[in-house]
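Hello,

I am passing on the structure we talked about.

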Amino acid sequence: MVTIQETELKDRGITAIRTAQMLGRPILISEVHKIDSIDPLSFFVSGRERYLGERFYWKDPTEEVVLIGVGISKQIQSDQATDRFFHVEEEWRKFLEEGLIFNPYNENGLGPVMFGGFSFDPLKEKTTLWYKYADSLFHVPKYMLTIVKGQTYLTTNIVCTPNDDYTLFEKVMNERAQILASLKQDTDLTPAKLLEMKEISPLQWKQTVDDVVEELKNGSLKKVVLAREVRLFFDHPVKAEIILENLYNQQRDSFIFVFESNGDCFIGATPERLVKKQGENVFSTCLAGSIRRGKNEEEDNKLGQILLNDQKNLNEHGFVVEMIKEALEESCEEIILPDKPQLMKIRDIQHLYTPVIGKCQKDASLLLLVERLHPTPALGGLPKQEAVEKIRQVEKLDRGFYAAPLGWVDYRGNGEFSVSIRSGLIQGKEASLFAGCGVVANSDSESEYLETSLKFRPMLRALGGN
């Protein structure tokens, strides 16, 4: 049973309007209510009719934090290439100034959150593929379901202008009641049928790998990550809700995300955390080096041992560990790092994995940490800047938000960002899937091609392919 005391919002609305009039500008009013348990997918579905294209979903691998937003109260976006992380942080800070935030549940209630991310490379020439996503794009939801450590909360965010009157809050209360009332209603979610899968220039991609390998043998570059795309075609528009449910059932141990923008939908299930900040504690993940899963336990363990002893993969993993350690040292007083990697096993693939824990300085900003860490050598290469420039030069794909930071920040500065791999962009009756691999001096283009084919598999399966 979901019950919210509506008089609270009316009373707070009076204060909000007076504050907006006094300041002469819009202000935020945000309130958090603890409620009975709600199925997060049903809340996401409930926003389909009214807020299609304005929804997000986030679940971490342990399900300690689940966020679902419907509607947009505030959009923070920019296509500027320089200082984009600082620009977003400043706009978020200004948006929160003088805001009226009613959150009696401390950190568990989260309160107002901005959710979104950044493109992989704002200097890369744009294509029409990602035209509905700005290089920096974040949404502050109107209504957000938050599940933290098993407790459920509903956050309502309203932007109140000096010209608003009390009817604004009546409208919000009606909308909120309709969303909550629609949770139990059946929605027709017929899966779209996959008609065709088209690989985008696979031979050209292999040639690019061969060309980069030759450069790596003689130049200062140590590693370049190259990505490619497959395009899927369906008999009718793909519904994000169905793909989300499939990912939840098939890839539950991953970060699962959905981020809609103007009708398009970026969706995925990534194993890789970029960075999490909780007070002074910072957590990151080194994930590089991979091999397939075995058909049985014996084969699986044998493949895992091969990976743990493979020098090429260990070198790639070492690059990532060293870079993340150096990036965090700038903001952390202490870093805890294991001596050697372990295995992370997910449904189709196993990775070399090293967790990193840091104790950050009090003024350390989450978005500053994101800026320092992106892209890790697992997604860009080494040296960092030179590798990104090489990707910009030779890669035909417009990565957009693929392999880039995606996540959330709350009003206290806490939050978490994943690396948005194992992902796809849904556009009506079509979808693009993306996968990449690390190219080093002894790489073989056919092997790298097969590795990317393996990495397409989770999203392909969720979309109805094999």
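Below are notes on the cores, one serine and a helix pair.

Keep in mind that this is a predicted model.

Cores first. The largest nonpolar core holds 80 residues. Leu67 and Met114 have the most contacts inside it. Helix α9 (residues 311–329) supplies the largest share of this core, with 6 residues. There is also a second, separate core of 54 residues. Leu41, Val238, Leu247 and Phe456 are among its members.

Back to Leu67. What does leucine 67 touch, leaving aside its neighbours within four places in sequence? Its contacts are Phe56, Tyr57, Trp58, Leu110, Val113, Met144, Leu145, Thr146 and Trp408.

Next, Ser445. This serine is in helix α12, which covers residues 445–462. Is serine 445 buried or exposed? Its relative accessible area is 11%, under the 20% cut-off, so Ser445 counts as buried. Setting aside neighbours within four places in sequence, serine 445 contacts Trp205, Lys206, Val209 and Asp210.

Last, the helix pair. The axes of α7 (residues 240–250) and α12 come within 8 Å. They cross at roughly 125 degrees. That angle lies between 115 and 145, so the two helices are oblique to each other. On the α7 side, the contact is made by Ile243, Asn246, Leu247 and Gln250. Pro458, Met459, Arg461 and Ala462 make it on the α12 side. By class, this contact has 5 nonpolar, 2 polar and 1 charged residues. Leu247, listed here for α7, also belongs to the second core.

Best wishes

How values were computed:
Residues are numbered from 1 along each chain as its sequence is written. This is a predicted model: local features need pLDDT of at least 70, side-chain atom pairs count only at pLDDT 80 or more; totals for chains, interfaces and linings use all residues. Side-chain values use heavy atoms; hydrogens and water are left out. A nonpolar core is a set of buried Ala, Val, Leu, Ile, Met, Phe, Trp, Tyr and Cys residues joined through side-chain atoms within 4.5 Å. Buried means under 20% relative accessible area, exposed over 50%, partly exposed in between (1.4 Å probe, protein chains only). Helices (H or I, at least four residues) and strands (E, at least two) are DSSP runs, numbered from the N terminus. Contact means heavy atoms within 4.5 Å. Axes are lines fitted to C-alpha atoms, for helices over the stretch in contact, and angles run from 0 to 180 degrees between N-to-C directions. Angles under 35 degrees count as roughly parallel, over 145 as roughly antiparallel, 65 to 115 as roughly perpendicular and the rest as oblique. Ala, Val, Leu, Ile, Met, Phe, Trp, Tyr, Cys and Pro count as nonpolar, Asp, Glu, Lys and Arg as charged, and the others, Gly among them, as polar.
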